[in-house]
Amino acid sequence: LATVQFLQISDLHLGARFGWLPRDRAELRRREQIAVLRKAIEHAIARGVHAILIPGDLFDRAEPDPETLTSVLDAFRIAGCPPVFIAPGNHDPWSENSPAWSARLLESRGWSWPEHVHIFSDPRWSARQVPGMPVRVWGRCFTPGMASTTRPLDGEARSSVGMLAPTELHVGVFHGSLETRCPPGQKVIGPFSEEEVRIAPFAYLAIGHYHRAHTHEHFAYAGSAVGLDIGEVGAHGALEVSIEFGAGPARANFTPVVLDPRRTHHVEVDVARAASAEEVESRILQSLGAGGVTESDLVKVALRGRLGHGVRYTGAGPALDNRVWHLRFDLSALRPDYDFEALRAASDETTEGRFARLLLERLEGEPDPETRAMVERALYYGLDAFRLNDVAPVYEELKS
Amino acid sequence: VKLLRLSVAGFGSLRGEHRFDPGKVTLVVDDNERGKSTLLAAISAGLYGLSDDRRAHRQVTPSERWRPWDGGPFAVELEFECGGERFVVQRDFAAQTVAIFDGSGQEITPRFLEGKDEYPIGKHLLGLDLEEFEKCAFVRQEDLAEVIPFDEKERRVNPLQIRLERAADTRAGNSSAAEALRVLDEAASRYHEPLLDATIKVETAIQRLDAKRLEIETEIHALEHDHAALAAPVERLAGLEQRERDAQALERSVESERRMVLCSEAQLKLDEHRGRLGELTQLRAEREQVAAHAELPHDADARYQEAAGRLEEVGRHAERLEDVLHQLDEAVARIDQELSGLAMFAEFQDSDADRYVAAAADLRRLNSEREQVSSALEGARGELTSRGFDAVTIDRLNGWFGKLEPDQIRMLELQPEISLELEALTADAESSHEMGTEAMELIRRERRARATPGWVGVGIGAAAAVVAAFQMMRPLFEVPGGAIAVGAVIVGFAGLAQVLASTRHRREEALAAQEAISGADERLAELHSRRTDQDSELAALRDVVGIPDTREMIRAFTEFQRYEREREPVSLLEGMLDQVEQSRDQILADTGNPPDPAFLERVAAGIRVQTAKRQKRAEFEDQRGRVRTDLAPLLAQRNEHAAVAGSLLSAAGLERAEGTPWTDLAPEVAKRTQSARRHAQLDTELIPRLEREMLNDEMVQLLEQSIAAFRMQIAAAPPAPTERARSLADLETAAREARTELERVREERGQLQHRVDEGRRRFQQFHPEKVVERDTWERALVRARRFKQAVDLARETITQVAHETHRRWAEFLNDRVGEMLKRVGTGVDVVRFGEDLDFAVTPRKGKPSSRGKAVRQLSSGARDQVHLSVRLAISEYLSREERLPLLIDDCFITSDDDRARAGMKLLLEQVSREHQVILVTCHRRRFESLAAMDSDLYRERVHWVDTAHMRSAVAEQRV
């Protein structure tokens, strides 16, 4: 019985723009990405893992900026760094013209990947032995223009692997999508099914692409190493994978390793009948406290409910300053204090009443969400004009 | 809603219990400034409570306003009916308590709780909040004035429509449609966009945002384009890097190779030096060996060689010419012998041979043609015979028709056509004749049928005339004879007329038929004449031919014509045979020989052989003369060359034995001459030169050291293997080229690397920023568009609804206001509202005029009545479901007595039957006088409440 240990880390998206952050914080976040990579390598050295597996999207794009590239090359030169196996993903596909992967182009700038870093440069499966271990790491890369529907584990791909030596442990590293579990906001590339995993010739598959960690008996997504978007809720980092093999089927054990210094939260706050903006922020602060949100965290606050009469809330006020590292509001479910039911049930002949009923009827018969939202906004603006004698652009984020 | 009782413990200056009769107009009379308006406020407070919210009422809250000054109780109790139920509301504003009881006295307060501690029972029961209730139910003095502002400027900026809407459109707010539209327009025209740092129209903001977005988009595309364009330089860079490595390797290799060459050259020099030393020793020894022949001329071998060579060449040439001369003599003798055997052709020339050959060929061709034509002629004749034209028949036909003249032949040829034409014309004429005859016969029959009744009539007339004559002479019966005579005449004449008419029946057709018959007869006669002439001519021709029967002659002539056609090939072949025979006879006449082509050809051949032999002999004679001429000088040259060669042999110390070829001695002469030249060369050239080229000892030592150093360097960096060794100059050139290439590649690579780095840096720096910037502007654009769309939709919908509302209001107000004004008796006939709620007024016996003009023309009383009517109509319109009480505050203060009376009658007789009316006034005497004028009406319809008396009573109680 033998045990092999890997550190699986993927989807670092180094050099990502973080356009949703202010410029200075985006820059800081990019530096944190590099720091996370270095921290992962140091962790791997400290834990004595046999290899680091990176199943894709190490870089955010095919041409990383020189600063990012040199930082990565330096990171992998940390003394004691174990062998590294990289299978380029759809964001950083391998090509002969890639400034990140092409040894030729790197050499022309005086750079190179360290010897212990192996980059899979073939879209078909190829293998490399883990030094000193009866373990063979198989990998395949994405290439520019590769069809996103290419199945990495279908019959043709499996047959290309051929007969595997039974005395060795075979581990696959690739970038792909487990069908039926694609998270919202991510697209399916290199699809595969659990059944294909089951009949695949590999004892374990380290997979990248999904930014949310997911483990299975025979495969695992480590998720994104750092939160790349405000929607990627929770802690981020790597997976320590320990595989026992040699007697019977191989068995994988997973230990999550939190590397991202920041967590991302999604907090819903009910602000119904809040009588003022101050009250809204008071409720937000209360929810942040209840949710264990720290000052270094990223938070998306979704406000919902109908505000009190005449109250408008369009964003963070001074009370929320410095409460969290980054705060984003979702005001799409926030509504002014207009009771649709009362408006609908009213039978008065006033202009306002008939205006409201006309738009409510249109709202009810409108199937398109965008148009519904527009009609709802028009209703609120009209009612504001009637009742508050004041109209301000505050309903643009509203969603139906 | 029907208000029944209001008990006031303290509310402003108001106290006491007020009872209302919902079936009558409650006329609350008090002195001026004694709080009659407070009564209305107390009713409102009873239904809705009093607000103490300082945010909504900054200066003074309603609670503060109505709190009694003397600090006494601050409470009211209101009893009323609504929806068939009775309610009692007790509000203690000081203690802030509320209690609501139903008709049975059961407390139902919790049913009306709203918010934390408010009990707006009026809102629950009427569906109107306080403000709405007051606008519907209260008719205050100032409200009337506000219906149509007195101030023109105010009227302009705040038109009636808004006033009416404000008064009426109060369901959940206090803005009219027009005001709401104004608010929306203002919001759309004052859109603040932080990115633009401007507050501008939303359309302008959208335009600017879109323009900016497009600008950024263009910049992004430009960056992406520039970035994509880096692919080629990157590829080129990789190539340059390889070229640089190659150039470096080449430079190193060339340098190493150069060292190797230098080393080789040094070694070579050293080896040469050593070689020269040995060579010099050898040369000196050789000089000693060849010193014996040093005096021999250095060109002796060449001169001897030339003399011996020429001597042998001239000898060989002379011998060859002598042989040729002998052969020519023999050939001439042989030809003379052959010419004697061809003496028979001595008279013939070559032209005769040509003529005989041509005649032989023509004769062969003509013989062949004659055979072919004869054979064809025989076949054609046989064919003619097979078609029935044997010799007897041919002779007979030629006997008949061969002698005829061409015009006779022509007549016979045309005979069938002429006969046919005559027969056709004859048939045509006979047909015309027959048709005419038939037509005439038909007409005659018809004429006879028509004439028959006429003849009968004539007969009857004649018979009747006879009877009449008998009757006149001897009456046999009672009819007078004259009458019978008259009848007889009439019948007779009628019959005669009928007969005459029948003779003219189809007269034109009869004439035409007669004419056709005559014409046909004439043509037949003419044809008969032509046939007779034809027959005469044929008879004459029969005599010439010798055939008695014309038809037989025509048939024979037809056979003769067929014979002529069939015989044409035979005639043609006979002509051809004649031509062949004539040609053959002509050839025989020309050659005068027997007609045998072979013979003619043999003669021609003999003539040509004789001619050839003669020419050959002449040629040989000519050659013999030329050979003799060439041979003489050759013999002279042979003697001269023999003398030169002999003298050279003597100088070399050699002798020639008789019979020995001169050339056999040439090698020895050459050897001795070579020794002489070698001696001179060694003595004057080779040995002195070697002596000059010898290295000194220092140079030898230096070379040995250099070679050792080069060998060490080469061992350290061996050159790349090459196919062939290059010279030092080539290597210098190659090294220079390699250096130049390296510098060029480095320079180009540096420039290209800088360009790529700069392009990438620019892309990586600016592209993300621009994308973020574009997204930011895009979001702002989306926000602005969404805002504009929503505001536009709200605006359109409000406008649409307002138009509909206005139209319905206008209809109602037109009817109701007109009805009220008629009853009041103003000088206004019609008030007509438009859809914009502006209205026109038509005075009695006047023309319609605009609102502005009418208001100026109306008296203040009339104007108030118009306003009251409008106000009442609006209240009615808004309270059609639950009739609200109308709480009126001294509405006739500006009216004259007549109009005030009419107005009161309107309230008493009309309005109060549908609404409870509570009218407060401080003009006691005026209303008393009005009551006196309509005492029955007031007694029946007015419930008087004198609050001054109530106050006195309360004061007394307190005392």
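Of the 959 residues that make up chain B, 40% count as buried, where buried means under 20% relative accessible area, exposed means over 50%, and partly exposed lies in between (1.4 Å probe, protein chains only). This is a predicted model, in which local features need pLDDT of at least 70 and side-chain atom pairs count only at pLDDT 80 or more, while totals for chains, interfaces and linings use all residues. Residues are numbered from 1 along each chain as its sequence is written, chains are lettered from A and ligands numbered from 1 in the order in which they are written, and side-chain values use heavy atoms, with hydrogens and water left out.

Let us stay with chain B for a moment. Its secondary structure consists of 28 helices and 15 strands; these are DSSP runs numbered from the N terminus, with helices (H or I) of at least four residues and strands (E) of at least two. Among the chain B contacts with a separation of 6 or more, 74% are accounted for by residues 24 or more positions apart, a contact being heavy atoms within 4.5 Å. The accessible surface of chain B is about 53,200 Å², and carbon and sulfur atoms hold 51% of that; such areas come from the Shrake-Rupley method with a 1.4 Å probe, and for residues only the protein chains shown count as cover.

Chain A can be described in the same terms. It has nine helices and 17 strands, and buried residues make up 55% of its 400 residues. For contacts in chain A between residues at least 6 apart in sequence, 70% join residues at least 24 apart. The accessible surface here comes to about 16,300 Å², with 49% belonging to carbon and sulfur atoms.

How far can you trust the picture? The model as a whole scores ipTM 0.77 and pTM 0.51. Chain B averages a pLDDT of 83, and 92% of the residues score at least 70; pLDDT is the predictor's confidence in each residue, from 0 to 100. Within chain B, confidence is highest in helix H9 (residues 202–228), at a mean of 94, and lowest in helix H6 (residues 152–157), at 46. Over residues 152–161 of chain B the pLDDT stays under 50, and the model has 21 contacts beyond four places in sequence for this stretch. Residues 170–175 of chain B are also below 50, with 26 contacts in the model beyond near neighbours in sequence.

Now for a pair of helices in chain B. Two packed helices are described by the angle between their axes and the distance between the axes. Helix H16 (residues 507–545) and helix H17 (residues 550–566) of chain B pack at an angle of about 65°, with their axes 10 Å apart; axes are lines fitted to C-alpha atoms, for helices over the stretch in contact, and angles run from 0 to 180 degrees between N-to-C directions. From H16(B), the contact takes in B:Leu538, B:Leu541, B:Arg542 and B:Val545, and from H17(B) it takes in B:Thr550, B:Met553 and B:Ile554. These residues divide into five nonpolar, one polar and one charged (Ala, Val, Leu, Ile, Met, Phe, Trp, Tyr, Cys and Pro count as nonpolar, Asp, Glu, Lys and Arg as charged, and the others, Gly among them, as polar).

At 18% relative accessibility, B:Ile554 counts as buried. Apart from neighbours within four places in sequence, B:Ile554 is in contact with B:Leu412, B:Gln415 and B:Leu538. B:Ile554 also lies 8.5 Å from B:Pro416, C-alpha to C-alpha, although 138 residues separate the two in sequence.

B:Leu752, in helix H22 (residues 728–824) of chain B, is buried at 10% relative accessibility. Its C-alpha atom is 6.7 Å from that of B:Leu237, 515 residues away along the chain, and its contacts beyond four places in sequence are B:Pro233, B:Arg236, B:Leu237 and B:Leu240. B:Leu321, in helix H11 (residues 300–340) of chain B, is buried with a relative accessible area of 11%. B:Leu321 touches B:Val627, B:Asp630, B:Leu631 and B:Leu634, not counting residues up to four places away.

Finally, back to chain A and its backbone. A:His13 is not a glycine, yet has a positive phi of about 50°; A:His13 sits in the loop between strand E1 (2–8) and helix H1 (23–47) of chain A and is buried, at 3% relative accessible area. A:Arg273, also not a glycine, has a positive phi of about 60°, but this residue is exposed, at 67%.
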